[in-house]
Amino acid sequence: MDPNTGAGADGRGAPVGRRLVLGMLGLGAGAMAAAPWLQDRLETALGAVADKDPTGVTGLLPNGGGFRYYSVTSSVPHKNADSYRLTVDGLVDKPAEYRLADLRALPQTRLVRDVQCVTGWRVRETPFEGVRLSALLDAAGVRPRGTAVRFTCFDGAYTESLTLDQARRPDVLVALKLRDEPLGHAHGGPVRLYVAPMYFYKSAKWLSGITVTDEVRPGYWEDRGYDVDAWVGRSNGRDDDPTA
């Protein structure tokens, strides 16, 4: 499973039906060779099902885009341009709150990198686009005591952390687009973290808070045994090719 947003759920709910699972498996296999529009439709359908599936079964279903869908909660609220807010606070001189329109108005960076899950699957040459995290930190003015950054999410459960040096890398984004389209809910939209050189669990979905701290505070999966420094190919006991 992709620990990016969980290997199951904290809540309980009705299981996914056998017919639905078999149907999605068939669709997923077919979409591997299908036109891009069909892959997009399949991903949308899988995301909608996964959002209502606290069992984690939908995370096993293949799809044309190569991603899997996970959450550590039984459901995640949807946010749009009117309701979304991103806060930047902690050890900064100028705490800020950004609407989606504010983030879109800032200079955008587009990266094309492989996405690597710690469980082994990889989605090659995947475009992400958004605001460099370093730009938001610079605008906030990090105080001398600030040495790390903690990320919180509007699912109410998931967290992540980076050192300040890691957060300032040019290949770390507050991402607004995936494959040149606005981030959908199933992919962590409307805004997620994207840490290109690290395993995908570091790229927290449904990003809502950026807090500068005086130490690294292990995130959701680090508290459950995953490496805090999640460099692809150099952590979690794996030897995958680096992604950046």
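**Entry 1: cysteines.** I searched the whole structure, which is a predicted model, and found zero disulfides. I recalled that a disulfide is a covalent bond between the sulfur atoms of two cysteines. I then looked up two cysteines by their accessibility. C117 counts as buried because its relative accessibility is 0%, under the 20% cut-off. C153 has 6% relative accessibility, so C153 is buried as well.

**Entry 2: Q116.** I placed Q116 in strand β3, which covers residues 109-116. Is Q116 buried or exposed? Its relative accessibility is 2%, so I recorded Q116 as buried. I next listed the contacts of Q116, leaving aside neighbours within four places in sequence; among them are W121, R122, Y199, F200 and D240. The side chain of Q116 also reaches the backbone oxygen of G120, at 3.2 Å. Finally, I compared sequence and space: Q116 and P197 lie 81 residues apart in sequence, while their C-alpha atoms are 8.9 Å apart.

**Entry 3: a sheet.** I traced an open sheet of five strands with mixed pairing, in the order β2-β1-β10-β5-β6. Its edge strands are β2 (96-98) and β6 (159-163), each of which pairs on one side only. On average, neighbouring strands of this sheet are turned by 15 degrees against each other, direction ignored.

**Entry 4: within and across the sheet.** How many bridges join strand β5 to strand β10? I noted six, between residues 148-153 and residues 207-213, with the two strands running antiparallel. F151 has I210 in β10 as its bridge partner. I also found that helix α4 (residues 133-140) lies across β1, β2, β5 and β10. Helix α4 runs at about 55 degrees to β10.

Note on methods. Residues are numbered from 1 along each chain as its sequence is written. This is a predicted model: local features need pLDDT of at least 70, side-chain atom pairs count only at pLDDT 80 or more; totals for chains, interfaces and linings use all residues. Side-chain values use heavy atoms; hydrogens and water are left out. A disulfide is a pair of cysteine sulfur atoms within 2.5 Å. Buried means under 20% relative accessible area, exposed over 50%, partly exposed in between (1.4 Å probe, protein chains only). Helices (H or I, at least four residues) and strands (E, at least two) are DSSP runs, numbered from the N terminus. Contact means heavy atoms within 4.5 Å. A polar contact is a pair of N or O atoms within 3.5 Å; within protein, one must be able to donate a hydrogen and the other to accept it, and residues adjacent in sequence count only if both atoms are side-chain atoms. Two strands pair if DSSP finds at least two bridges between them. Axes are lines fitted to C-alpha atoms, for helices over the stretch in contact, and angles run from 0 to 180 degrees between N-to-C directions.
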